[in-house]
Amino acid sequence: MKTPLSPAEVHRQYNETMTTFLKTIPDARLRVQLSREADDFFRACALGAWHADGGMLTPGYVEYYNAIYLRGNPAPSILYWELSTSVAGFVTLQSPDFFHRMRALDKVSGSDISRRFIDIFILMGLLFASVDGTVSEGEAAFVNQSADAMTRLCDKDGLSGGKAPLDAKDFVTLKPAAGTAGPQDAAPLPGPGPEEKEEEAKEPEPTLEELLAELDELCGLEKVKSDVKSLINLVKVRKLREEQGLPVPPLSLHLVFMGNPGTGKTTVARLLAKIYHAIGVLSKGQLVEVDRSGLVAGFVGQTALKTQEVIAKAIGGVLFIDEAYALTSHTGQNDFGQEAVEVLLKGMEDHRKDLIVIVAGYTDLMTGFIHSNPGLESRFNKYFYFEDYTGEEMLAIFQSVCKKNGYTLDEAAETYAKEFLDEMYACRDENFGNARDVRNFFERSVAFQADRLATLENPDKEALMALTVEDLKKSAGDGEEQEEGDGEAPAEEGRADA
């Protein structure tokens, strides 16, 4: 058996391989989509490989799973019980949406991006399979079967090239032969040579000025921005008084974020965690995000352990509890939400110098949550209110997302987007998603643009970047009447950002 890989090595190999592959993709839109969606797909690949192995997971696998992320993307924070449940319940690996986009691009441009991605997939599948030092026959079969499924899609589209030259079975760790002292090693996994194995240089941490600039770049939220800056000033002056030996009154930095979904609460919490670290309040500055399901278990005695585990991960940073009111809104003999609250309060007291908790949710419900327990009232006395985005602000968000992802809007498309988003704001109800709705509108528009471009023989760069009124109308549902004759409804795509 080979020496198992370290989580840091898994992260390095994954990050370097994917970063190199991304640089070879000429289409900016596809690069953005792949960099955004690759982590989720390859984490599912790891789940499938470990499920196929059939062995017992150890807590160490949590570190391997949490090491699968590209630089610049948030690192996952799965717990052991969550990973075990996900591996045990794994069913199949679905072909990702970005792979469909790869094939569509290959079809119109004659490139071989999708075939090369299958090669990358096999390499990454073997990497995840080998984290315990071996590659089992089940793991190799899973990698080959998944690669073959993607290859068949390429063949069906008539793309040039054939089956990937790599065969995962060639890397299976052989069982020990009779009379030998131990297992024989599998063929070495393909990967970087010794000269490439230097430790990846640690990225410099952002400065306070950079973080404040990032805060200022957020659309809207003027009152929240002002409140954040006032809080930072309060903390900085408090530290200066401490350094001069002056008395400082007690100060709770735990916060309540109140507002509707999609108003940027998670984004601001993540920035605050980094800002607190930059000014020396927190030792690490990470954000651990959970909801009720991440704290409450269904059996007596398990909720305390589950909540303590989450708190341990958040020490040195910010624990962000979304829809926190769900902890106390349930009633019944077998509800353990109150137990989670009690453990949380104790953890806040025990680690008050290196842990900040932010609770978030709808305004009315959060008020009831804070007043449900005297301990919560005493620790949470700072409230940030996140107003709904106006139509004008949603248009600015939409324009920003388009620009960031390499899309353009002509005057007619921009006018339609403004009218649509103004109407969305005017007709908003309790299901209004703010920036989430904008993100969904954008991603549906991109999907309809891809469908339109797939019918063209050789779209130029300008066409690949342009979102038209037609794309936006279909995304908004204005084109449904014209689509009825086809017997298909427009595809509902999109991801709800916190």
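I started with Glu-349, which is partly exposed at a relative accessible area of 35%. I note here that the model is predicted.

Next I looked up the partner of Glu-349. Its side chain meets that of Arg-352 in a salt bridge, 2.9 Å from N to O. Arg-352 counts as exposed, with 53% relative accessibility.

Arg-352 came up again when I turned to the second largest pocket. I found Arg-352 listed with Arg-238, Leu-251, Leu-253 and Lys-353 as the residues nearest the pocket centre, out of 20 lining residues. The space in this pocket is about 560 Å³. I sorted the lining by class and got 8 nonpolar, 4 polar and 8 charged residues. Helices H9 (222-243), H13 (337-350) and H15 (374-379) each supply at least two lining residues. H9 gives the most, with 4 residues.

Lys-225 pairs with Glu-222, and their closest N and O atoms are 3.6 Å apart. Both residues lie in H9, 3 residues apart, which is about one turn of the helix. I recalled that an α-helix has 3.6 residues a turn, so residues three or four places apart point the same way. Lys-225 counts as buried at 5% relative accessibility, whereas Glu-222 is exposed at 54%.

Arg-452 is partly exposed at 22%. Asp-471 counts as buried at 1%.

I also noted a network of salt bridges that links Arg-36, Glu-37, Arg-439 and Glu-443. The count of salt bridges comes to 23.

Last, I went through helix H7, residues 137-156. H7 has 20 residues and reaches 28 Å from first to last C-alpha, close to the 28 Å expected. I listed its buried residues, among them Phe-142, Val-143, Met-150 and Cys-154. Which helices do the buried residues of H7 pack against? I found helix H2 (28-53), helix H5 (97-109) and helix H6 (113-129). Just after H7, Gly-158 takes a positive phi of about 75 degrees.

Key: Residues numbered from 1 in each chain as written. Predicted model: local features only at pLDDT ≥ 70, side-chain atom pairs only at ≥ 80, totals over all residues. Heavy atoms only, no water. Expected span 1.5 Å × (residues − 1). Buried < 20%, exposed > 50% of the residue type's maximum accessible area, 1.4 Å probe, protein only. Contact = heavy atoms within 4.5 Å. 1 Å grid on protein atoms, 1.4 Å probe; cavity = no way out; pocket = protein on both sides within 12 Å on 5 of 7 lines; lining within 4 Å. Points joined across faces, edges and corners; volume = space filled by probe spheres on them. Nonpolar A, V, L, I, M, F, W, Y, C, P; charged D, E, K, R; others polar. Salt bridge = Lys/Arg side-chain N within 4 Å of Asp/Glu carboxyl O.
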